[in-house]
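Trainee: Could we go through the charged side chains in this one together? I'd like to start with the pairs and then look at where they sit.
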Amino acid sequence: MPDGEETTHSIFTQYKYALNENWASNIGFRYDDKSRSQGKDVHEFSPRLSLNYKNADYALKMSASRSFVDASYFNRRTVFPNYRGANNLTPEKLTSIQLSPTYYFKSNIGEYNATVFYNTVDNFI
């Protein structure tokens, strides 16, 4: 595999806010700036948002997010005869929506969690 150097700079921030004693929100984002050794550089913005409800009996979390995974250096640059990389591979992008209810059993004997989600993937590698 050819030598190469890649540099990534990222920033992440989030803000949590209690709307009242039962409701809370969380908004955040991540920005990535990646300089590739060959091919197009990557500049990605990944936002997320959640709204949470909780009382003594149950909780409910609703969230939406967008994220990415860049093609690895190996996937883009390998020269093995049985596998050829591609410098033009673009990052995978995932959009996710989730709904997660939790029920707390009486007498603190446990809890029941479930998650329902819908995901879409673009540019699958």
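Mentor: Gladly, and we begin with a term: a salt bridge is a side-chain nitrogen of Lys or Arg within 4 Å of a carboxyl oxygen of Asp or Glu. Keep in mind as we go that this is a predicted model.

Trainee: How many salt bridges does the count come to by this rule?
Mentor: The count by this rule comes to 7 salt bridges. One of them joins the side chains of Lys34 and Glu6, with N to O at 3.4 Å.

Trainee: Which parts of the chain does that pair tie together?
Mentor: Lys34 belongs to strand S2, residues 23–35, while Glu6 sits in the segment before strand S1, residues 7–18, so the pair ties together parts that are 28 residues apart in sequence.

Trainee: And is Lys34 buried or exposed?
Mentor: Lys34 counts as buried, because its relative accessibility is 15% and the cut-off for buried is under 20%. Glu6, with a relative accessibility of 23%, counts as partly exposed.

Trainee: What else does Lys34 form a salt bridge with?
Mentor: Lys34 also forms one with Asp70, where the closest N and O atoms are 2.8 Å apart. This pair links distant parts of the chain, since Lys34 is in strand S2 and Asp70 is in the loop between strand S4 (58–69) and helix H1 (73–77), 36 residues apart. Asp70 is buried as well, with a relative accessible area of 16%.

Trainee: Which residues are linked in a network of salt bridges?
Mentor: The network links Glu6, Lys34, Arg36 and Asp70.

Trainee: New topic: where does Asp122 lie?
Mentor: Asp122 lies in strand S7, residues 116–122, and counts as partly exposed at 36% relative accessibility.

Trainee: And what is Asp122 in contact with, leaving aside its neighbours within four places in sequence?
Mentor: With those neighbours set aside, Asp122 is in contact with Arg66, Pro91, Glu92 and Lys93.

Notes. Residues are numbered from 1 along each chain as its sequence is written. This is a predicted model: local features need pLDDT of at least 70, side-chain atom pairs count only at pLDDT 80 or more; totals for chains, interfaces and linings use all residues. Side-chain values use heavy atoms; hydrogens and water are left out. Helices (H or I, at least four residues) and strands (E, at least two) are DSSP runs, numbered from the N terminus. Buried means under 20% relative accessible area, exposed over 50%, partly exposed in between (1.4 Å probe, protein chains only). Contact means heavy atoms within 4.5 Å.
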